[in-house]
Amino acid sequence: MRYSILAATSLILAAPATAQDRRTVTEPRLPATACETLTPKAGNRAAELQAALKRCAGQAVRLSAGRYDSGPLELPIRTTLWLDRAAVLAAIPDPALFDTGEHACGKIDQRGKGCRPLLHIADATDVAIVGDGTIEGNGGQPMAGGSETWWQLARRAQVEKGNQNVPRLIVADRGRNFTLYRVRLANSPNFHVVANRLQGFTAWGVIVDTPADARNTDGIDPGASEDVTITRTFIRTGDDNVAIKAGKTGGTRYVSILDNHFYSGHGMSIGSETNGGVAHVLVKGLTLDGTTSGLRIKSDASRGGLVEDVHYEDVCIRGSKRPIDIYTAYDKEARGDLIPVYRGIVLRRVYGDGGRLIANGYDAAHTLDLALDDVRFTAVPRWETVHARFLIGKGGAVPDPTGQATEQPSTAARCDAAWRAFPEKP
């Protein structure tokens, strides 16, 4: 274990000035009126739904209570899809409907890009998906013509060292002011929400509910985007609950992750693609119960970049194997010159029980700079650190990676109120 004290600088522990969404974000509202309201009936509704969305471009299309089976849909610019309570928009588990034209959907290859998402927004400017209904991915249902489910295909791809071709649930690519409000997202075959190259993205009161063993089912993944707020969400899934990404298409900056509850999943993640750069992130008021990792930053030399000015505040973690999980060798076999560099990472009022505390930089020239202020864990034997430098604030750290602290206060009272407010099932 190697560590040192970070050179004295109070700036790293100062209140975050830039680490958050630059917008003034308020709770969205449901539309006052709908251009068209659809009612449920049997069969594939994709053509009818798409026609209504086209006719109502710039307005709202409302789905009243009931089930709407569908193949992939395109949402036009400045349009709202509004789902009433008990309305279910369900993806038909038929690879032929979602195929991109390469005849790969529902199969395993080395690309994994052969399926269209259920909902695609090519220009997400002023597009919203709102209401108390459900968007159902049917990842656990057998695909048409066979007995294998989308999730079983994903597990088989893992064994065969290939990539599964399965649909994502919602993909928004480019544009401004994309909003998800109060909608429930369930059982996606792959990622639930991909928000890429957006200027302004809000997810407010969203529920993601998918089993813990459903492979590659990330909850919400903003990437190459600026001014992002994810708040009051409840996320239970089989991969990253939230993953901030920054790959070849650009960096992600000015992100607020506020007052959220995470259940099963891989935690609050940054990466693994960080080569575009991640900066100015505030994670505050987060409870994590049973995630494999808690606060996680992951990358490697094939996709690494600069991650800086990331603040975690008022976080309660329990039942996590790795409540702090910051490392630079996500793929231990990765080679390249895209070196992960993490600096200006601040944990303040972060509490938890047992598990491994991992803080690893890349090498002596690319250290991890980590500030800890009132960070306390019980039943943790030690930090696992290499190429890491620490600044310990006035609130201290238990255990202390510098070896200076001796007290072991209880964290229970600090998180009691948070756990009492934590619903068993949203």
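Cys 415 is buried in this predicted model, with a relative accessible area of 4%, and its disulfide partner is Cys 316, the two sulfur atoms lying 2.0 Å apart. The torsion about this S-S bond is -95°, and the link is left-handed. Cys 316 belongs to strand S27 (residues 306–318) and Cys 415 to helix H4 (residues 412–420), so that the pair ties together parts of the chain that are 99 residues apart in sequence. Cys 316 is likewise buried, because its relative accessible area of 6% falls under the 20% limit that defines the buried class.

The disulfide between Cys 316 and Cys 415 is one of three in the structure. A disulfide is a covalent bond between the sulfur atoms of two cysteines.

A further disulfide joins Cys 35 to Cys 56, with an S to S distance of 2.1 Å. The torsion about the S-S bond of Cys 35 and Cys 56 is about -70°, and the disulfide is therefore left-handed. Cys 35 is situated in the loop between S1 and S2, whereas Cys 56 is found in the loop between helix H1 (46–55) and strand S3 (60–63), so the pair connects parts that are 21 residues apart in sequence.

Cys 105 is placed in the loop between helix H2 (95–98) and strand S8 (108–109), and Cys 115 in the loop between S8 and strand S9 (119–121), the two cysteines being 10 residues apart. Both Cys 105 and Cys 115 are buried.

When residues up to four places away in sequence are left out, Ala 34 touches Ala 60, Arg 62 and Trp 82. By contrast, Ala 34 and Gly 294, which are 260 residues apart in sequence, are separated by 41 Å in space, C-alpha to C-alpha.

Strand S7, which spans residues 87–91, is mostly covered, with four of its five residues buried. Strand S7 pairs in the parallel sense with strand S4 (residues 66–70), and five bridges are found between these two strands. Within this pairing, Val 88 of S7 stands opposite Arg 67. Strand S7 is also joined to strand S11 (residues 134–136) by three bridges, and this pair of strands likewise runs parallel. Ala 90 has Glu 136 as its bridge partner in S11.

Technical notes
Residues are numbered from 1 along each chain as its sequence is written. This is a predicted model: local features need pLDDT of at least 70, side-chain atom pairs count only at pLDDT 80 or more; totals for chains, interfaces and linings use all residues. Side-chain values use heavy atoms; hydrogens and water are left out. Buried means under 20% relative accessible area, exposed over 50%, partly exposed in between (1.4 Å probe, protein chains only). Two strands pair if DSSP finds at least two bridges between them. Contact means heavy atoms within 4.5 Å. A disulfide is a pair of cysteine sulfur atoms within 2.5 Å.
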